[in-house]
Amino acid sequence: MARGVEVDFSRGKWDKSEWTVFKSPRFGFVRDFVQEDDHLVNPSDPAWSDEELYASHVTEVYASMVHRLKLSGMAEVSSTMSFDHLMAPLIVITRDLPKNEAGQYEFREHYEVVLYNEGVNVWHHTYEGGRAKWHLAAFARAPFSPKTKYELKVVLSKVEGRPMRMTVECGNVRFGFEDDDLPESVYAGVTGCEGRNRFYDFRARTGEAKLNAAADGEH
């Protein structure tokens, strides 16, 4: 049976209790998003220009939260987002909701699907020996403009006898990859970092566990 959520991030139109604020293992702080009239934005000093923020404060503006809906099998996640300067709003995919020793929700293995001015990147993050590691799992290069709304969509699917597949769409860009490490059950959310990022909505739905290979572009 299909399940899903549709979230409007306008002031007073969404339920914060359905979300979990997450910490990155790379940074020593936890910060929440700032509510604006029709969107959320990651926190920053309004006095910082875009250029100053990126040059001197890029590691200080990270904010992330994950919706509590568990997605299993085939899943589709999307969000309308924008960036003020160069980068880097993203959809985050995590297999579970882990906590660190201090009891804070903190990412371990997860994927980041990142929009920025030169394209879309998919980063696979792991956590080994108490240290965060990451590598570029897939990417597409295309120009994206600042202060422009884009819908970023991520589809997770399973073809019989093959690893899990991730397909990413944004603007005129569409690409995908298969990965044995992609979990069949995940949680999803949004992260703002490396600049001022704005999120206007979030949608997630989960349904059939497998897709027909031909229908999903398999030849």
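# Cores, rings and strands in a predicted model

The largest nonpolar core contains 44 residues, and those with the most contacts inside it are F9, V120, V122, F144, M166 and F202. A second, separate core has 14 residues, including L90, V92, V114 and Y187. The structure is a predicted model. In soluble globular proteins, nonpolar side chains tend to be buried together.

**Inside the largest core**

- M166 is among the residues with the most contacts inside the largest nonpolar core.
- When neighbours within four places in sequence are left aside, M166 is in contact with Y111, V113, V122, V154, V155, L156, F175, G176, F177 and L182.
- One of these partners, V122, is itself listed among the residues with the most contacts inside the core.

**Aromatic rings and charges over them**

- The model has ten aromatic pairs.
- One of the pairs is F144 with Y150: the ring centres are 4.9 Å apart and the planes stand at 85 degrees, so the pair is classed as edge-to-face. The cut-off behind this class is an angle over 60 degrees between the planes.
- Both F144 and Y150 are buried.
- A single aromatic cluster is formed by F9, W14, W19 and F202.
- Two arginines are placed over aromatic rings. R26 lies over the face of W134, at 5.0 Å from the ring centre, while the charged end of R31 sits over the ring of F29, 4.0 Å from its centre.

- Strand β10 covers residues 119-128 and is mostly covered, with seven of its ten residues buried.
- Strand β9 (residues 110-116) pairs with β10 in the antiparallel sense over seven bridges. Within this pairing, H110 stands opposite H125 in β10.
- A hairpin is formed by β9 and β10, with two residues between the strands.
- Strand β11 (residues 131-141) also pairs with β10 in the antiparallel sense, over ten bridges. Here Y127 has A132 in β11 as its bridge partner.
- β10 and β11 likewise form a hairpin with two residues between them, and G129 in the turn has a positive phi of about 60 degrees.

- Where is H57 placed? H57 is in the loop between α1 (50-56) and β5 (63-67).
- Is H57 buried or exposed? H57 counts as buried because its relative accessibility is 14%, and the cut-off for buried is under 20%.
- The side chains of H57 and W48 are joined by a polar contact of 3.3 Å. Not counting residues up to four places away in sequence, H57 touches W48 and E52.
- H135, by contrast, is located in strand β11. At 42% relative accessibility, H135 counts as partly exposed, a class that lies between 20% and 50%.
- Which residues does H135 touch, not counting residues up to four places away in sequence? H135 touches V122, W123 and H124.
- H135 and H124 are eleven residues apart along the chain, and their C-alpha atoms are separated by 5.5 Å.

Methods
Residues numbered from 1 in each chain as written. Predicted model: local features only at pLDDT ≥ 70, side-chain atom pairs only at ≥ 80, totals over all residues. Heavy atoms only, no water. Helix = DSSP H or I, 4+ residues; strand = E, 2+ residues; numbered from the N terminus. Buried < 20%, exposed > 50% of the residue type's maximum accessible area, 1.4 Å probe, protein only. Polar contact = N/O pair within 3.5 Å; in protein donor to acceptor, adjacent residues only side chain to side chain. Contact = heavy atoms within 4.5 Å. Core = buried A, V, L, I, M, F, W, Y, C linked by side-chain atoms within 4.5 Å. Phe/Tyr/Trp six-rings, centres within 6.5 Å; stacked < 30°, edge-to-face > 60°. Lys NZ or Arg CZ within 6 Å of the ring centre and 35° of its normal. Pairing = 2+ DSSP bridges.
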